[in-house]
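Today I opened my notebook to look at a ligand and its surroundings. Here is the model I had on screen.

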Amino acid sequence: MPRLPYSLLWKARAVDHLLPPLVKQCRDVHAAQNELRWLRAHADTLSRPNSKAHDGLLRKMVEQRSTGMPLQYILGTEFFGDLEIKCRPGVLIPRQETAASVTYLAQLLQRAKNLPSQLHVMDLCTGTGCIPLLFQHELHAARRDIQVYCLGVDISTKALDLAKSNLRKLQKTEPAIVPNLMKFMRADILKEPDNDVPSVLPSLKAALELNRKPKQWDILISNPPYISPSAYWKTTTRSVRGFEPKLALVPKAELGGTDTEQGDAFYPRLLATAVEIDAKVVLFEVADLDQAVRVAHLARKTNAFDGIEIWRDQPDQDDLEQVPENISKDRSCFPIIGAGNGRSVLLYRGVGASWLGMPAPMQGTLEQQQVSL
Amino acid sequence: MKVAPWICRSCLTRISRSPLRRLARFQSTTSTSESISPALLARARTIASEQKELTEKLANGFDARAAKKLGQQSAIVNALQTWDKANESVTELVSLIHDPTTDAELRDLAADDLGSSRTALAEAAKSLTTSLVPIHPFAHLPCLLEIRPGAGGSEAAIFAGDLVRMYESFCNRNNIRTTFLKYENVNGTSEAGLPLSEAVIEVESENAYGLFRCEAGVHRVQRVPVTETKGRTHTSAASVLVLPSLQENSLGEADFEDPESDYYVDLKEVRVEVMRAGGAGGQHVNKTESAVRLTHLPTNTVVSIQDSRSQSKNKDKAWQLLRSRLAQARREKREDEIVAMRRSVVGVAKMGRGDKIRTYNWGQQRVTDHRSGTTVHDLDDVIQGGQTLEKVMESVRNWLIEKDVEAMIAEEEFAKK
Ligand SMILES: C[S@@+](CC[C@H](N)C(=O)[O-])C[C@H]1O[C@@H](n2cnc3c(N)ncnc32)[C@H](O)[C@@H]1O
């Protein structure tokens with residue numbers, strides 16, 4: 001990382017002596033000023049302003065932040081859409097881009113005329129539980145007539161504890177969030193359902209049976225670990241590497257394959273799961289446009305979906321970015337929606353098309369098409 | 001039977017003292033002319049006959065626009081009726097007095113009555129005149145006050161901060177709720193006590209736009225800045241913008257969706273930018289930037305908000321500010337067109353928005369409003385948002401009504417020619 005110009009730090013010091021360590025971390029004076037303001041406000045809630053304890057607390061938090069500890073772990077929360085989600089070391093911090101995709105999906109579904117009165121939503125790799133919580137909140141805002149039943153699944157007990165704690169916190173303030181309609185469950189979603197030897201860590205299928213959960217789900221969402229081992233070292237920031245759990249970011253090494261294959265490791269199983277649970281609408285987050293295209297091709301190969309779209313960071317914005325040369329060839333195959341980096345892949349089939357307000361699937365069933373091939 | 005809700009006495013007196021309340025009243029009590037101009041009387045009659053038609057239209061089926069117009073005009077029609085009655089009784093009394101067949105006792109009685117009837121007529125004329133002044137279409141709305149330093153370096157920035165505090169305490173004293181939509185000092189932070197770079201105060205009560213409308217413009221300060229070593233007096237300035245605050249609940253949904261309305265914004269014409277740390281995004285970075293920038297492409301109006309950690313809250317605030325700015329800009333364009341037309345037709349001058357409207361002179365402890373010509377000497381009370389500020393503001397509102405009445409009369413007379 002290039003060194004910051006000394007003049008910048010000097011200028012920051014003139015504003016506030018606590019600012020330079022934050023500028024080093026944020027690499028931008030404005031961002032650092034915002035962080036200092038939020039830290040100060042946080043210190044205000046914990047101790048009397050202008051007291052010794054307050055000063056000490058604030059200095060300690062600035063120090064922590066200057067080592068690269070994420071602000072969200074220090075403050076204990078992050079905003080995800082309208083929701084303030086609790087964050088704890090050991091569980092990935094929710095990202096704004098994820099919130100943008102989930103919100104957009106909920107917006108598309110809000111207009112649907114033929115949604116079932118109870119909509120079943122499964123979120124695999126749920127972490128803090130942010131995705132099902134926001135989805136329920138967003139859909140409820142416009143559709144009081146629909147009950148949204150959500151199930152969040154994760155391998156990590158730390159994550160599941162935090163997700164449950166988020167549910168307890170938010171049910172108090174958000175009328176949309178109802179404990180009866182929001183469950184969390186432990187499973188290893190990579191475990192194949194067939195060779196499932198009974199163990200503490202069940203496969204998804206086994207866990208669904210064990211917990212007497214439905215076999216069919218209308219919507220499947222997942223933000224799985226998607227970073228390849230080399231990208232982990234090259235692309236993630238130091239704060240991410242130093243403080244966020246690798247389990248949440250990089251698929252396990254035992255899965256084998258090339259570097260790229262390892263980064264993509266969750267998607268084949270996720271696609272198979274989508275078919276097994278008969279999901280009508282599927283949304284997977286991805287690392288970038290390249291991975292989006294790879295996942296889209298995988299999805300097409302399953303022959304299970306009527307439509308495939310790629311969404312960027314802000315799916316509701318007009319396209320301002322150029323599509324790179326190597327991908328523009330694929331563009332005719334997959335519509336790319338929105339502005340920013342390639343961020344997620346949307347799949348739908350059957351009645352899912354009409355829920356999303358997409359044109360009806362092409363004539364003839366998939367089976368017929370396969371026969372004619 | 002209706003049960004009146006119990007209200008404590010002190011609340012009642014507080015309400016009755018509130019400038020918002022007075023605002024509602026003064027529309028019908030202030031005027032300059034003793035008797036009504038014939039041109040205005042004619043206009044009132046036209047409106048009254050129009051109202052008959054509107055009522056018939058409404059009887060034949062509901063029409064929202066007609067209903068709204070009817071509501072606005074009924075004040076005029078009522079005032080006209082009162083005036084007609086008062087006029088009739090004065091005429092009757094006069095003819096009684098002049099009638100040679102009237103006996104002396106009756107004539108005395110009539111003469112006694114004439115005085116009070118004349119006063120009633122003058123009152124009715126005033127009410128009728130002011131009822132004809134069109135009420136500003138934003139007057140009923142809450143408002144945003146945008147305050148920025150003008151010419152004069154850091155002294156201007158300090159003065160801008162003084163104005164912010166002045167309006168804040170004015171609202172506090174009058175039980176009007178305010179919140180900061182944006183507050184940025186010269187360091188780009190929101191810590192108080194530093195010279196101001198930009199503040200947007202939301203004044204949340206109804207009619208706030210009508211109350212503060214006349215505060216828009218350039219406020220000039222003359223004083224010895226704290227930073228001045230040689231004791232010289234400097235002149236600097238700060239500007240105040242007053243925008244309608246367009247919260248969803250202060251307007252009907254129809255207002256937002258009708259492309260003809262001042263409040264309409266085509267979502268496709270607004271670029272929403274969330275500040276990205278650049279690079280890969282997603283799981284790769286755990287950025288904290290939550291700033292949102294909106295650009296209205298046709299007018300290149302840019303609004304950016306970064307106060308909250310919640311991107312979604314910043315977005316809501318940014319939209320609110322953008323809608324307000326666009327609505328105000330559209331309104332100003334319309335008003336400018338009207339002013340230009342009036343100027344070309346009848347030569348009525350009006351102050352532009354860029355003109356300085358008020359001077360705060362510390363050395364002489366005086367505040368002068370250049371529009372109403374009012375000067376007060378209790379500068380401290382003004383700057384603390386006290387009664388004296390209210391007095392100045394009221395003088396400007398009255399001045400504005402007088403101007404409007406003058407323009408109206410001139411227009412009517414021109415139209416007759
Ligand atoms: C990128 S995080 C996503 C968290 C959350 N959905 C969000 O968007 O903030 C991935 C999550 O997958 C979980 N995970 C990793 N391997 C898993 C597996 N084999 N089965 C189930 N969950 C797994 C991790 O514990 C982590 O919480």
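I started with polar contacts (pairs of N or O atoms within 3.5 Å). A polar backbone atom of A:Thr126 lies 3.2 Å from a nitrogen atom of the ligand. For A:Cys125, I found a polar backbone atom 2.8 Å from a ligand nitrogen, and for A:Ile189 a backbone N or O atom at 3.0 Å from one. I then noted that the protein covers 98% of the 600 Å² of accessible area that the ligand has on its own (Shrake-Rupley method, 1.4 Å probe).

A note on my source: this is a predicted model, where local features need pLDDT of at least 70 and side-chain atom pairs count only at pLDDT 80 or more, while totals for chains, interfaces and linings use all residues. Residues are numbered from 1 along each chain as its sequence is written, chains are lettered from A and ligands numbered from 1 in the order written, and side-chain values use heavy atoms, without hydrogens and water.

Next I asked which residues surround the ligand. There are 21 of them (a heavy atom within 4 Å), and A:Asp154 and A:Asp188 are among the closest. The site is shared between chains, because residues from chains A and B surround the ligand.

Where does the ligand sit? I found it in the largest cavity (more than half of its atoms within 2 Å of the cavity's grid points). A cavity is a set of points on a 1 Å grid over the protein atoms alone where a 1.4 Å probe fits but cannot get out. I wrote down about 440 Å³ for this cavity's volume, the space filled by probe spheres set on the points.

Note on methods: Polar contact = N/O pair within 3.5 Å; in protein donor to acceptor, adjacent residues only side chain to side chain. 1 Å grid on protein atoms, 1.4 Å probe; cavity = no way out; pocket = protein on both sides within 12 Å on 5 of 7 lines; lining within 4 Å.
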